[in-house]
Amino acid sequence: MSIPTFILRRLLHTLPLFLCVIVFNFILIHLAPGDPIQALVGEFPAPESYITEMRRAFGLDQPLYIQLLLYVKNIVAGDFGFSFYYRQPVLTVILDRVPATLQLMLPALIFSAIVGILLGILSARQPFSLSDNAISAFSLFGYCVPAFWLGQMLMVIFSIELSWLPSQGTKTVGADLEGLPDFLDRITHLLLPLAALAIRHLAVNARMMRSSMLEVANEDFVRVARAKGLAEKEVIARHMVPNALMPVVTIIGVDIGFLFTGSVLVESVFGWPGIGRLMYESIVKRDYPVLMGNFLITTAIVVAVNLIVDLVYVWLDPRVKYKK
Amino acid sequence: MKEPLCRQNSLRNFVSAVSLFLILLLVSDSDLFAGPVEGNPRKGGTLILGMTADPSTLNCGIESSQIVAMVTSSIYSGLIHLDEESNPHPDLAQSWEISPDGLVYTFQLRENVKWHDGEPFTSADVKFSFENLVGKYNARGREAYRNIKAIETPGPLTVKINLKKAYSPFLGVLTAHDGCIMPKHVFDGTDVFKNPHNDANPVGSGPFKFKEWKKGSHVTLVRNDNYFKKGRPFLDSVIFRIIPNAATRAIAFETGEINAIFASNSFPYQHVDRLKKLRNATIKDIGSPSLIGVHFNLKGNPIVAKKEVRMAIAHAIDKKFVVEKGLRGVGKVIDSVIPPGIPWAYNANVPKYPFDLNKANALLDEAGHPRGAGGMRFALRLAFEAGNDNAERPVQILREQLKAAGIEIKLERFERSVMLEKVFQKYDFDLWFGPLTTRGHPALGTARIYTSSSITGRPFTNFTRYSNPKVDQLFDLAVSATKKADMVKAYYEVQDILLRDLPTIPVADRLQLNIIKDQFKGALTSTETYERLDEIWWVQGTPLKEGDFERD
């Protein structure tokens with residue numbers, strides 16, 4: 001099967017998945033108690049007529065199954081609905097936040113992949129040595145520590161005590177920087193949330209790479225490579241690493257989903273204006289359309305990344321073929 | 001040999017010190033060394049405020065939650081504004097007259113007021129705002145202005161508002177929060193909910209103009225050079241920085257990333273002890289009164305329907321301890337349902353229920369609830385809002401205090417929207433503990449909790465389902481009184497009855513804290529739920545002379 005056919009087939013497979021995501025999330029959201037109109041009004045006894053009018057305006061006066069059918073119909077037509085809270089099209093609200101999330105997630109993904117893999121290789125070179133044990137201890141810490149707690153600790157150390165790094169947002173507001181100073185300003189804002197978000201994934205990647213490398217080390221082709229007199233560096237770089245990468249690449253694909261989950265907390269702690277925080281806010285405000293839209297877009301991104309991961313397999317391992 | 005060298009060194013040090021002093025004196029801006037600056041305001045500077053969430057819109061005609069008003073009340077104006085004792089002061093209205101029967105309010109508007117787009121402001125804008133925006137689409141406005149019979153505009157700068165019946169707190173709902181005045185030329189004939197000026201380029205008449213709203217990050221406003229109050233505002237710009245997490249909001253204040261945190265929903269109360277220790281900042285109570293207390297479901301559990309039981313619970317609560325430990329001292333113990341934050345209406349001589357466990361036990365025995373196995377008499381559910389710092393810790397203390405009287409408390413912690421449904425709409429609770437905003441007038445904040453007509457199943461109305469025709473009559477009397485003395489008398493009596501019937505045990509008046517860096521001056525105390533940013537100035541700004549600016 002050619003690659004375009006494979007991509008097309010995979011995309012078609014995602015359609016039922018999207019339908020399930022819509023129906024499941026729709027039911028889940030509406031099962032939760034709470035009224036979006038009340039969340040909007042705040043601590044004030046809004047007149048009954050006002051609440052009735054708003055329910056009608058938001059389509060909340062219809063039976064639930066009609067609301068669901070209308071929603072699916074609108075999604076097919078490319079209409080994600082209208083935010084109850086922001087009173088703007090959902091797509092506008094979400095797309096406004098996507099760049100900030102990508103600005104945080106992509107560096108976190110790349111950083112955790114590269115550093116995780118390097119630490120894994122380093123660890124596997126001399127199993128149970130001091131460096132291996134140190135990396136394992138660090139990985140265990142990174143895996144266990146909650147991102148929101150780590151975020152606040154990093155803030156206390158680097159923002160309050162040392163005054164090295166800012167604690168909030170993507171850039172210094174009101175400074176109107178441009179060019180290189182703007183870039184550096186953004187980098188300094190990125191470091192703490194990046195560390196808080198990436199550490200767990202870095203730890204997982206390091207552990208996975210280590211065990212994968214140790215597994216590959218016992219394979220015949222590695223023994224042959226060594227027997228024919230290749231330098232150890234060559235053996236690792238050309239024979240062991242490409243073969244050990246397969247499971248790590250799978251994990252990195254799965255990581256995308258977890259990075260979204262993690263970003264809900266990290267973005268809230270660091271005042272990062274991304275879709276993770278938007279998701280949290282729309283739960284609190286019962287902004288159903290934004291929440292549904294958020295779930296859908298997140299699903300789309302996770303599906304897309306997994307598709308890319310599948311394509312990377314072929315590049316990494318020529319034995320993998322797309323079977324019919 | 002040593003002495004001359006020493007003398008030489010001393011001389012050199014002295015010369016260096018003098019030179020350094022002179023250089024500093026020459027190059028420095030004298031303001032840096034001026035120490036604390038008081039007196040006349042100064043012009044310039046940017047104030048960065050922390051707030052919990054994005055406003056939902058910048059159209060205060062359709063939405064006036066506190067978070068919206070925090071931003072829009074600097075972009076738009078009201079007819080009046082209130083001081084810390086709820087006295088009205090001119091804003092868009094220069095002056096006003098109230099007819100002797102309290103039915104007609106005539107406002108003279110300021111001359112030469114311009115909207116941010118340069119169009120002139122007239123009485124037509126006021127009429128349009130009340131009839132087509134705040135009075136129609138805004139939840140608070142629709143409630144506040146339903147008593148309006150007709151609005152006349154006899155001249156471009158005169159507005160006559162006729163009421164159906166006298167309504168004593170009417171001036172209090174004409175501030176930029178409740179009654180923001182919107183431009184007719186921008187909204188007339190448009191779909192108000194989808195008007196592009198709702199979230200970009202709002203056209204107001206207030207001290208600051210809109211510059212930018214980066215959702216999830218910040219809203220920036222800049223000085224309106226054509227503001228109708230001479231020489232104001234003093235600041236060049238104001239940035240509202242959105243920081244949802246309370247702990248990080250406190251950190252951002254400490255690191256200087258924000259200069260101030262205003263209003264009750266943005267102040268990180270959990271961190272008040274740490275913030276109090278900061279040397280370069282001032283914390284103060286802005287005096288927006290509220291009632292924190294235990295409210296009973298009188299038509300629910302038959303046990304709490306008994307007055308003796310409610311009295312016993314009142315005697316079993318050590319309010320002082322709840323305030324000191326539960327509210328971290330950020331509150332005052334109160335004995336009445338109208339808090340002392342509304343000084344003219346507060347009745348200090350209501351029936352009191354001092355902390356007395358023996359009396360509580362005796363009352364419960366008399367009510368037919370002797371202690372059973374394990375020393376407990378009965379169990380009650382106590383509902384509260386999850387994450388609300390005014391409830392989370394106090395309810396733990398209440399549970400222990402009531403346990404001593406043999407009452408087992410089962411805490412029910414609900415997320416806000418669930419709580420609104422369970423407690424206020426379905427009445428599925430025995431006791432509820434939490435804060436209620438009373439605002440600057442009992443007719444606005446207190447009547448809704450205790451009048452029979454407020455048993456509506458809507459959030460923040462009469463959820464105890466207390467009903468007493470005498471109380472209804474007194475609230476009606478107060479709201480239509482044209483003399484303040486009659487109003488005060490009625491509210492005094494209401495409080496006396498409510499404290500005898502005890503649908504609520506008042507525990508505390510929560511302090512509404514503002515924190516601001518000392519380099520900013522002029523932040524006011526007010527019973528309004530927003531801060532008037534045209535009052536604030538920066539100590540390193542350019543000094544202004546008397547006459548350069550309008551005083552309030």
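Modeller: In this predicted model, a residue is buried if 20 or more other C-beta atoms lie within 10 Å of its own, exposed if 12 or fewer, and partly exposed in between.

Colleague: What makes B:Y427 partly exposed?

Modeller: B:Y427 has 16 other C-beta atoms within 10 Å. That value falls between the limits of 12 and 20, so B:Y427 is called partly exposed.

Colleague: Where is B:Y427 placed, and what is its phi?

Modeller: The residue sits in the loop between α13 and β18 (431-437) of chain B. Phi of B:Y427 is positive, near 50°, and the residue is not a glycine.

Colleague: Why is B:N201 called partly exposed?

Modeller: B:N201 counts 15 other C-beta atoms within 10 Å, which is again between 12 and 20, so the term applies. B:N201 belongs to the loop between α5 (184-187) and β9 (208-214) of chain B and has a positive phi of about 50°.

Colleague: Which residues of helix α13 (residues 416-425) of chain B are buried, and how do you know that they are on the same side?

Modeller: The buried ones are B:R416, B:S417, B:M419, B:L420, B:V423 and B:F424. They cover an arc of only 150° around the axis, and therefore lie on the same side of α13(B).

Colleague: What is the omega of the peptide bond from B:R232 to B:P233?

Modeller: Omega is near -5°, and the bond is cis. B:P233 is in the loop between β10 (218-223) and β11 (237-242) of chain B.

Colleague: Which residues does B:I313 touch?

Modeller: Leaving out residues up to four places away in sequence, B:I313 touches B:V294, B:L402, B:I407 and B:I505.

Terms used. Residues are numbered from 1 along each chain as its sequence is written. Chains are lettered from A and ligands numbered from 1 in the order in which they are written. This is a predicted model: local features need pLDDT of at least 70, side-chain atom pairs count only at pLDDT 80 or more; totals for chains, interfaces and linings use all residues. Two residues are in contact if their C-beta atoms, placed from the backbone, lie within 7 Å. Helices (H or I, at least four residues) and strands (E, at least two) are DSSP runs, numbered from the N terminus. The arc is that of the directions from the helix axis to the C-beta atoms.
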